[in-house]
Amino acid sequence: MSTATPQSNIESMLIENRVFPPTAATVKAARISGMGTYNAMCAAAEKDFEGFWAQLAHDNLSWKKPFTEVLDESNAPFYKWFADGELNASYNCLDRHLGTPTENKKAIIFEADDGQVTNVTYKQLHAKVSQFASALKAMGIKKGDRVIIYMPMTVEGVVAMQACARIGATHSVVFGGFSAKSLQERIQDAGAVAVITANYQLRGGKELPLKAVVDEGIALGGCESIRNVIVYQRTATACNMVAGRDSLMHEVTAKAAATCEPEFVGAEHPLFILYTSGSTGKPKGVQHSTGGYLLWAKLTMDWTFDLQKSDVFWCTADIGWVTGHTYVAYGPLAAGATQVIFEGVPTYPNAGRFWQMIEKHKVTIFYTAPTAIRSLIKAAEGDEKVHPARSDLSSLRILGSVGEPINPEAWMWYYKNVGGERCPIVDTFWQTETGGHMITPLPGATPLVPGSCTLPLPGIMAAIVDETGKDLPNGAGGMLVVKRPWPAMIRTIWNDPERFKKSYFPEEMGGNIYLAGDGAVRNADNGYFRITGRIDDVLNVSGHRMGTMEIESALVAHSALVAEAAVVGRPDDLTGEAIVAFVVLKRSRPTGDEAKAIAKELRDWVGKQIGPIAKPKDIRFGDNLPKTRSGKIMRRLLRGIAKGEAITQDTSTLENPAILDQLSENL
């Protein structure tokens with residue numbers, strides 16, 4: 001195990017000396033006001049760890065049966081939180097707002113791809129969720145069943161998730177850009193009994209099929225557990241419907257009872273499974289609990305975004321990713337917020353869409369990814385008509401960044417051009433596995449440093465250690481870990497507890513420290529954290545984690561062409577990291593136009609096998625790959641070649657050192 005922490009990243013952190021303290025007005029109005037308050041909260045967690053979390057769980061969630069146990073560490077690392085308590089996630093997001101002024105407040109402002117806007121109040125959303133939950137129950141879907149959701153970014157996508165939670169079914173959302181094969185793998189692994197999908201999704205003025213992909217995935221085989229496919233008719237275009245299995249969402253809902261009492265479940269009941277890429281080919285089903293996860297979704301809305309009753313919150317993430325779970329489907333609703341949900345893409349009908357929507361809906365908190373920011377910087381530089389300055393962004397008070405580290409210059413552009421040099425930027429570090437934010441500035445407390453996620457939230461015992469778990473001094477790069485469990489943490493990998501332990505709680509670190517899988521360094525002066533990159537073979541492309549083995553497996557699956565493949569990442573100004581594939585064909589190495597044609601065929605193949613996000617940006621052909629005499633592919637050398645670096649490492653163990661020149665020339 002190695003940290004793979006680039007020295008240049010460490011040095012750049014040490015020389016970043018721009019600091020932006022919160023304004024006096026922000027400090028005064030904030031929920032967590034000033035560093036003194038933050039430090040007092042951290043001290044309270046240190047002094048009475050279980051008491052700290054118990055009080056928060058008691059104050060922030062509605063319990064059907066109050067818990068008496070806080071943290072159960074008896075079977076570490078399979079930690080349990082509030083295990084004897086009972087609650088329901090949908091009740092906490094919807095029912096508890098009924099009978100209060102919040103019931104008539106807008107829960108969702110939905111803007112469709114074509115610009116049409118629909119408003120849904122909490123009372124209306126409760127009715128929609130209840131009736132669809134009744135329809136699911138009428139189909140025989142029950143507590144503990146798994147349901148795949150493959151939906152566009154619409155109100156109905158959130159309704160589907162909340163309805164599953166309402167009846168105690170465990171949902172697994174699959175991003176609408178994933179392939180039939182990816183869908184099949186997730187259906188099989190989860191043992192899902194139903195799929196909720198749409199006929200089509202609308203993105204950038206185009207109709208893209210969803211139901212047809214579901215049909216193709218099921219047809220691949222091994223999906224016999226599926227009894228029902230429920231189709232939301234997003235567009236007027238017809239889709240294939242299988243008699244006896246498929247039904248239309250509006251028809252089954254119309255026949256269902258208007259009310260549905262929530263199914264109260266134990267706090268450790270699996271709320272959802274979300275599949276994320278691993279460094280081996282098989283995706284990992286990250287399993288999250290109900291009580292601990294929901295608590296952290298609510299708290300981080302309040303703390304990180306300093307949520308106020310008048311806020312209009314907009315997280316641009318798709319519900320297919322964990323950000324869309326925590327900061328679209330659950331957190332804003334549990335906190336009683338008004339949120340914007342957007343169906344389309346930031347560049348349609350032009351690259352000013354985000355800024356125009358902020359002006360139209362008077363958004364106060366805007367949360368998006370560095371990839372989107374970088375692409376919009378590029379667009380704004382090329383066309384002043386889509387520059388943020390053309391829109392009235394005066395409603396904004398807080399900006400957020402999510403998905404990957406944001407480089408300092410993109411941070412500064414965001415701060416100046418979108419936030420008008422008055423909005424704090426919360427640069428949030430967290431993962432699918434953590435359930436919510438872990439290390440992030442707090443708007444009314446933390447002095448900001450461009451490109452740094454700053455300090456852990458209260459109760460999060462983050463540290464940087466070496467390969468044995470020994471603490472490293474500030475200024476030294478190492479592995480990011482969390483030393484104590486926290487309520488929203490991953491509970492296990494679905495059906496694979498051994499992989500869970502090996503992936504996140506390695507024995508060489510004692511078996512009870514959470515290994516984030518990221519390298520990091522803390523500033524020697526202020527202790528601020530900066531994330532420096534993955535320590536395993538998982539790439540972060542536009543904030544989406546892609547396993548190198550998964551992409552390699554897809555390439556090699558093209559058995560007519562590909563003999564062998566190795567995939568690495570290289571830095572990319574737009575996507576953060578770009579996928580580079582080194583491919584050995586079953587025939588002679590192509591050149592010129594022939595190489596371009598084969599590369600296009602392979603890109604399209606990977607897109608079909610996994611999804612468009614996994615398409616390699618570069619495909620390079622070689623007679624073979626650099627291997628040791630034992631047959632191991634030397635990926636560290638390929639990473640250097642992909643970056644255009646000269647090979648300075650010792651290559652004496654290579655069986656075929658001459659191949660490095662060929663691959664370098666090829667690039």
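This is a predicted model: local features need pLDDT of at least 70, side-chain atom pairs count only at pLDDT 80 or more; totals for chains, interfaces and linings use all residues.
I started at the end of helix 19, where G644 follows with a positive phi, near 80 degrees. My helices (H or I, at least four residues) and strands (E, at least two) are DSSP runs, numbered from the N terminus. Residues are numbered from 1 along each chain as its sequence is written, and side-chain values use heavy atoms, with hydrogens and water left out.

**Helix 19**

Back to helix 19 itself (residues 635-642): six of its eight residues are buried, so I call the helix mostly covered. Buried is under 20% relative accessible area, exposed is over 50%, and partly exposed is in between (1.4 Å probe, protein chains only). The buried ones are R635, L637, L638, G640, I641 and A642.

Next I looked up the open sheet of seven strands, which has mixed pairing and the order 5-4-17-16-18-19-20. Strand 5 (117-121) and strand 20 (425-427) are the edges; each has a single partner strand, so one side of each lacks a neighbour in the sheet. From one strand to the next the twist averages 20 degrees. Two strands pair here if DSSP finds at least two bridges between them.

I then went through some of the pairs. Strand 4 and strand 17 run parallel, joined by four bridges, and E111 has F342 of strand 17 as its bridge partner. Strand 16 and strand 17 are also parallel, over three bridges, with V312 opposite T338 in strand 17. Strand 16 (residues 312-315) pairs with strand 18 (residues 365-368) in the parallel sense over three bridges, and there W314 is partnered by F366.

How many residues of strand 17 (residues 338-342) are buried? Five of the five, so the strand is largely enclosed by the rest of the structure. T338, V340 and F342 point one way, Q339 and I341 the other.

**Helix 6**

Helix 6 (residues 122-138) lies across strand 4 (106-111) and strand 5, at about 85 degrees to strand 5. Angles run from 0 to 180 degrees between N-to-C directions, and axes are lines fitted to C-alpha atoms, for helices over the stretch in contact. Contact means heavy atoms within 4.5 Å.

A138 and T253 are 115 residues apart in sequence, yet 9.9 Å apart in space, C-alpha to C-alpha.

**Helices 17 and 18**

The axes of helix 17 (residues 548-556) and helix 18 (residues 592-609) come within 9 Å and cross at roughly 115 degrees. I551, A554 and L555 of helix 17 meet L602, W605, V606 and Q609 of helix 18.

**The four-stranded sheet**

Last entry: four strands form an open antiparallel sheet, order 21-22-24-25. Strand 21 and strand 22 (residues 478-482) share four bridges, and A463 is partnered by V481 in strand 22.
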